[in-house]
Amino acid sequence: MNDYQYGVVAGLVTVFVIAVIIGVLIRKINGGHTMKGEYDERQILARGKGYRIGFLFYMFEMVVMLIISSLELTLPFTDSALYAILFILPIGTTSVYFILNDAYMGLNSNKKFYIRLSIVVAVANLITFGEEVITGGCFEKGKLSGNILNLGVAILFV
């Protein structure tokens, strides 16, 4: 294995460890229970429609991708940036719909904790994105690279 592969493995292990730590924190805050929100009927209907909108947006993206690949268009970003954008857009669409319809958090959710957690995750992603901008990692051969994923994640958490 070369240095890059060690870096990827180390990054994946780090993400896994952070996910476990956050899971333990959520379990502790919820009194030993996993995170299971309770939603009223209106929220359940809004969440169902939000998931449907996100799925349809994803299907629309796939059709656009098929058209782009069949026409062999030159895009101003790399394939990894395109996949990052395609990953973020349906999630963002669904989340925005949930927030606008007051269906993002359950009735029993600890809103202060989740707001703080969102701020920490957004700041961490903005710092990482800032480092990429400073080192010039956001562009490869004049095209936008997949390192913009951190900016997208930060925007989603804000």
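Among contacts in the protein between residues at least 6 apart in sequence, what percentage join residues at least 24 apart? The figure is 75%. Keep in mind that this is a predicted model.

**Overall layout**
- You're looking at five helices and two strands.
- Going along the sequence, the order of elements is α-α-α-α-β-β-α.
- The C-alpha trace covers about 50 × 35 × 25 Å along its principal axes.
- The protein has 158 residues, and 24% of them count as buried.

**H3 against H5**
- Helix H3 runs over residues 79–100 and helix H5 over residues 149–157; the two pack with their axes 10 Å apart and at an angle of about 5 degrees.
- That angle makes H3 roughly parallel to H5, because anything under 35 degrees counts as roughly parallel.
- On the H3 side, the contact uses Ala84, Phe87, Ile88, Ile91 and Gly92.
- H5 answers with Leu149, Gly152, Val153 and Leu156.
- Sorted by class, the residues of this H3–H5 contact come out as seven nonpolar and two polar, with no charged ones.

**Largest pocket**
- The volume of the largest pocket is about 980 Å³.
- Its lining takes in 26 residues, and those nearest the centre are Gly11, Val15, Ile18, Asn125 and Asn150.
- Helices H1 (3–29), H4 (111–135) and H5 each put at least two residues into the lining of the largest pocket.
- H1 is the biggest giver here, with 13 residues.

**Second largest pocket**
- The second largest pocket has a volume of about 840 Å³.
- There are 29 residues lining the second largest pocket, with Tyr104, Met105, Tyr114, Ser118 and Phe157 nearest its centre.
- Helix H2 (41–71), H3, H4 and H5 each bring at least two residues to the lining of the second largest pocket.
- H4 gives the most to this lining, with eight residues.
- By class, the lining of the second largest pocket holds 21 nonpolar, five polar and three charged residues.

Definitions and conventions:
Residues are numbered from 1 along each chain as its sequence is written. This is a predicted model: local features need pLDDT of at least 70, side-chain atom pairs count only at pLDDT 80 or more; totals for chains, interfaces and linings use all residues. Side-chain values use heavy atoms; hydrogens and water are left out. Axes are lines fitted to C-alpha atoms, for helices over the stretch in contact, and angles run from 0 to 180 degrees between N-to-C directions. Helices (H or I, at least four residues) and strands (E, at least two) are DSSP runs, numbered from the N terminus. Angles under 35 degrees count as roughly parallel, over 145 as roughly antiparallel, 65 to 115 as roughly perpendicular and the rest as oblique. Contact means heavy atoms within 4.5 Å. Ala, Val, Leu, Ile, Met, Phe, Trp, Tyr, Cys and Pro count as nonpolar, Asp, Glu, Lys and Arg as charged, and the others, Gly among them, as polar. On a 1 Å grid over the protein atoms alone, a cavity is a set of points where a 1.4 Å probe fits but cannot get out, and a pocket is an open set with protein on both sides within 12 Å along at least five of seven lines; lining residues have an atom within 4 Å of a point. Grid points are joined across faces, edges and corners, and a volume is the space filled by probe spheres set on the points. Buried means under 20% relative accessible area, exposed over 50%, partly exposed in between (1.4 Å probe, protein chains only).
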